Amino acid sequence: AQQHAERPSKLMDETSIVFEAQGIERGALLDDAEHRGGISVLGEKGLVIGLHRNGLNLTKIEQNTKIWRLQDYYPRMDETLSCFITRKRWIIIATKSFLLKSWSWKENSSKEDEMPIILREESIVKAHKAGIKSLIFDKSGSLIASASADRSAKVWDVRRKLACTHIFRHDAVVTLVEFACTQNIYVLITADESFGVHVYNLQDKTKYWHKNELHQARIADLSWLFFERGSQNNIIFYSTACDDGLLRLFSSKSIKKRSKDNEKESFELIQEVVIIESAANVEFFFLTTASAQGLIVSDSHQLRLYAFHQHEYTLSCVHSTISSPISCLFYDASYESVFAVTYDGLLEKYDIFELKKQSHSLYLGQEEIIDCVSFMQKNSTRRMNLAIAGNESDTVKILDAETMLCISTLRGHSDIILGLAVHDNKIITASKDTTCRIWDLDTNKCNYVCSGHTAAVTTVCFVSDNFFASGSRDKSLKIWSVNQGKPLGSIAAHDKDINCVISNEKSTLLATASQDKNIKLWPLSEINTFSNKSLNFIQQEEIILRGHRRGVWQLAFHPHRALLISASSDKTIKFWHVKRGICISTLDGHESAVLTVLFFSSEQNNQQAIISGGADGILKVWPLADTPTLVTNKDVVSLNAHNETRVWALCTTNDGICSTGADGRIVRFRDATQEYLLQAKKVKDEEIQQEQELRDALRSKDWQKALTDALDLDRPYTAFQILQRASTHSIDQVIQNWPITKAQRLLKFIREWNTDATKAFVAHLALAALIHKFGHADLFANDYALSQAIDAYTRRHIKRIESLHRATYLIDHALGSMQRTSPLHKKKKVLLENNLPTEYPDDLDITFEHDLEDNADDDGFHSFQSSSSDDDDDGSSSSPSAPQQEEKVEKRKKKKQRT
């Protein structure tokens with residue numbers, strides 16, 4: 001859409017199809033939801049921030065349509081992050097270069113589709129000498145504690161630009177930190193890799209209490225809570241959980257020291273709860289609300305709520321619910337809900353009292369989306385849904401195409417899913433576990449498990465309502481019964497892995513593509529008469545299509561013509577005539593392997609196009625035509641959709657296309673052809689009207705109006721002619737009422753004119769007028785590169801003018817030398833030396849000695865005489881006659897010739 005907007009005339013081509021990003025750009029929010037550093041709620045506006053690919057991503061809980069990557073907006077945040085923590089208006093990040101950075105944020109009240117927060121970097125410090133494992137805020141939000149692999153825990157004051165206030169050394173790597181308050185003191189609780197727990201007094205910076213080898217396995221989490229027991233003061237609860245499946249609950253206890261009468265607080269074990277039966281990651285935290293106090297605990301299988309008994313220390317489980325495998329928990333007071341992050345990339349919201357799941361799950365994304373298909377719901381809503389399969393989960397997620405909320409999840413495979421196919425209310429999945437499964441979309445249950453392949457099943461497709469085909473890495477092609485899940489036929493189809501299998505609209509032809517560079521067509525006859533018993537479904541010899549130089553990834557049949565297109569790793573797309581089995585056209589344009597391709601028909605102008613996706617993240621739109629070559633490369637539009645990562649799947653939606661790739665993003669493009677055609681027509685009409693106004697202004701010599709129209713029409717040559725006709729005074733009048741934005745547009749013309757020596761004079765007149773009116777600082781405030789470009793050529797022109805000016809010195813010298821050697825100069829010099837007047841009548845002929853020297857004859861005659869003396873010798877009058885004059889002239893000529 002951006003490329004078409006830059007070329008409005010191109011939009012008038014009725015064979016064009018224009019796509020624009022729809023604002024739904026669903027990417028991965030996090031890829032590793034580690035404890036305290038994977039995900040967090042930001043403020044009370046329903047914003048979720050997560051750690052993804054060593055950077056921070058942001059999304060909204062209620063409006064799950066877009067992911068914002070903070071590094072794209074703030075380059076100084078573009079470092080490899082290890083963990084982060086948020087509290088109030090602060091975001092503290094820890095980098096893998098051992099730095100701590102503090103950022104403050106505030107709401108962005110601009111458009112809804114823009115990033116909802118504005119960040120400002122506050123401070124940066126070198127925090128540790130090794131990796132930072134964990135960060136935690138205290139209750140006031142003014143202090144943070146960090147745990148590091150350099151065997152130290154440190155406390156930092158956020159308000160004093162991350163000033164270090166405490167350093168506590170350990171004998172092992174510190175993994176967890178937690179702030180806590182007892183009755184009398186403020187403490188920091190730490191856990192290290194020696195399975196020990198340490199409590200430090202923050203007031204006198206001493207070790208308050210410690211317990212080595214508290215657990216027999218890694219300590220997974222720490223938490224604490226005030227608890228009011230009857231009329232007594234608040235007593236702290238502090239608990240630890242570890243991978244051995246035990247939750248230990250401690251309470252602070254006042255004991256008397258033997259040496260003194262004062263009391264000292266210690267911690268004693270009051271309860272030990274078995275929360276899991278096998279070693280697994282444990283997440284938990286104390287929960288305090290207006291009506292209840294308790295402990296939320298999760299492991300890989302369950303989410304549980306433990307409530308405090310009244311006036312007692314102990315906990316008991318009052319509710320337990322089975323949910324998806326959970327990797328991370330956090331609590332948001334504004335929603336009064338517990339948020340759980342599952343291992344398959346979903347954010348689920350639970351009620352804090354009954355732990356019931358609320359609404360649909362938020363899709364957080366996965367590392368790589370391998371396949372994606374679209375289908376329409378059969379219920380009354382008729383909404384478009386997407387089914388996606390990723391490389392980090394053995395599940396299929398059904399998403400609402402508009403909101404990107406996860407409606408349901410299909411679980412059953414034991415390995416990742418490589419292929420999907422949808423027809424009516426059934427979906428078929430192909431998995432690396434060598435099986436295919438047939439699912440009912442109405443009930444989200446698996447109807448049949450299809451076993452028979454000996455290697456990973458890579459691709460599936462529906463052949464008809466009752467049959468489907470599958471291709472595998474065991475090089476075989478099989479046909480199955482949809483209603484019974486049994487194989488009906490099998491054949492060794494290729495010499496290498498089968499990447500794709502598809503069927504035409506009439507279910508009379510199968511096409512398979514393989515890594516062996518070949519495409520094979522398998523004719524089918526009477527497919528609907530297949531019985532339930534196994535039989536040979538190939539009715540005649542297959543047709544082999546050869547031409548690609550590398551493996552073929554994807555195929556697509558034309559919906560109405562006997563054409564097949566193929567996408568290959570050799571960076572080409574080929575058109576094949578199905579009946580003749582020959583290649584009729586090859587499309588070159590991708591700079592990397594072409595991984596996916598499909599036919600797209602626009603409902604807005606009834607035009608067709610081919611959409612292809614490459615390994616470099618580029619989508620290309622190839623408009624189809626009725627020419628022998630089918631596609632011309634000059635009409636191709638490129639869309640950068642997936643940040644230089646592989647585009648694995650394309651599918652059509654009700655108003656455009658959807659692409660998924662290795663970056664975990666789901667990008668939707670809307671078919672905006674009709675809108676852009678109308679917009680182009682409107683722009684064209686406005687151009688015609690402005691051109692007429694420009695001609696009228698030139699005819700009436702209204703330079704201000706003419707120059708404004710030339711700028712609007714982007715006519716630099718016309719603008720140059722206008723300024724060339726106008727004087728310097730007129731230029732000042734023309735720009736008198738201009739806003740600075742229009743002046744900056746003229747600057748771009750000046751940059752072009754300044755590159756030509758014949759136009760540089762007019763360019764500098766206009767530039768001088770603009771600088772005189774607006775000033776250099778305001779004029780070039782937002783475009784430093786433009787200022788540099790104009791300055792470079794201006795310096796070149798000044799250097800050229802100075803060179804020409806120096807060349808004029810040579811001309812002056814030559815003219816002076818010519819003047820000194822001229823006969824007139826010599827005559828004046830002789831007259832001055834002989835005290836004779838330097839001016840004579842025009843008819844007086846005077847012969848000087850130097851003239852006679854130049855015209856001397858062989859006798860060496862030298863004399864100085866006037867014309868009057870010659871006349872006296874001849875006895876003639878003072879005014880010689882015409883014959884005498886001719887004789888003298890003739891005599892001079894002869895002397896010159898002799899000389």
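A salt bridge is a side-chain nitrogen of Lys or Arg within 4 Å of a carboxyl oxygen of Asp or Glu. The structure discussed here is a predicted model.

Q: How many salt bridges does a search of the whole structure find?
A: The criterion is a nitrogen–oxygen distance within 4 Å. Applied to the whole structure, the search gives a total of 14 salt bridges.

Q: Is Asp-400 buried or exposed?
A: A residue counts as buried under 20% relative accessible area. Asp-400 has a relative accessibility of 8%, so the residue falls under that cut-off. Asp-400 is therefore buried.

Q: How many residues apart in sequence are the parts tied together by Asp-400 and Arg-383?
A: Asp-400 and Arg-383 form a salt bridge whose closest N and O atoms are 2.7 Å apart. Asp-400 belongs to strand E32 (residues 395–400), whereas Arg-383 sits in the loop between strand E30 (369–376) and strand E31 (384–390). Arg-383 is partly exposed, at 31% relative accessibility. The pair therefore ties together parts whose separation in sequence is 17 residues.

Q: Which residue forms a salt bridge with Arg-745?
A: The closest N and O atoms of this pair are 3.2 Å apart. The pair links distant parts of the chain, 33 residues apart, with Arg-745 in helix H7 (residues 740–754) and its partner in helix H4 (residues 703–712).

Q: What is the relative accessible area of Arg-120?
A: Arg-120 forms a salt bridge with Glu-122, with 2.9 Å between the closest N and O atoms. Glu-122 is partly exposed, at 22% relative accessibility. Arg-120, by contrast, counts as exposed, a class that requires over 50%. The relative accessible area of Arg-120 is 53%.

Q: In which strand is Asn-385 found?
A: Asn-385 is buried, at 2% relative accessibility. Leaving aside neighbours within four places in sequence, its contacts include Val-373, Phe-375, Ile-398 and Asp-400. Asn-385 is found in strand E31.

Q: What is the bridge partner of Gly-471 in E40?
A: Strands of a sheet pair through backbone hydrogen bonds. Strand E39 (residues 467–472) and strand E40 (residues 476–481) pair in the antiparallel sense over five bridges. The partner of Gly-471 in E40 is Leu-477.

Q: What percentage of the residues in the chain is buried?
A: The chain holds 14 helices and 58 strands. Its accessible surface comes to about 43900 Å², of which 47% belongs to carbon and sulfur atoms. Of the 899 residues in the chain, the buried share is 51%.

Key: Residues numbered from 1 in each chain as written. Predicted model: local features only at pLDDT ≥ 70, side-chain atom pairs only at ≥ 80, totals over all residues. Heavy atoms only, no water. Buried < 20%, exposed > 50% of the residue type's maximum accessible area, 1.4 Å probe, protein only. Helix = DSSP H or I, 4+ residues; strand = E, 2+ residues; numbered from the N terminus. Contact = heavy atoms within 4.5 Å. Pairing = 2+ DSSP bridges. Areas by Shrake-Rupley, 256 points an atom, 1.4 Å probe, with all protein chains shown as cover.
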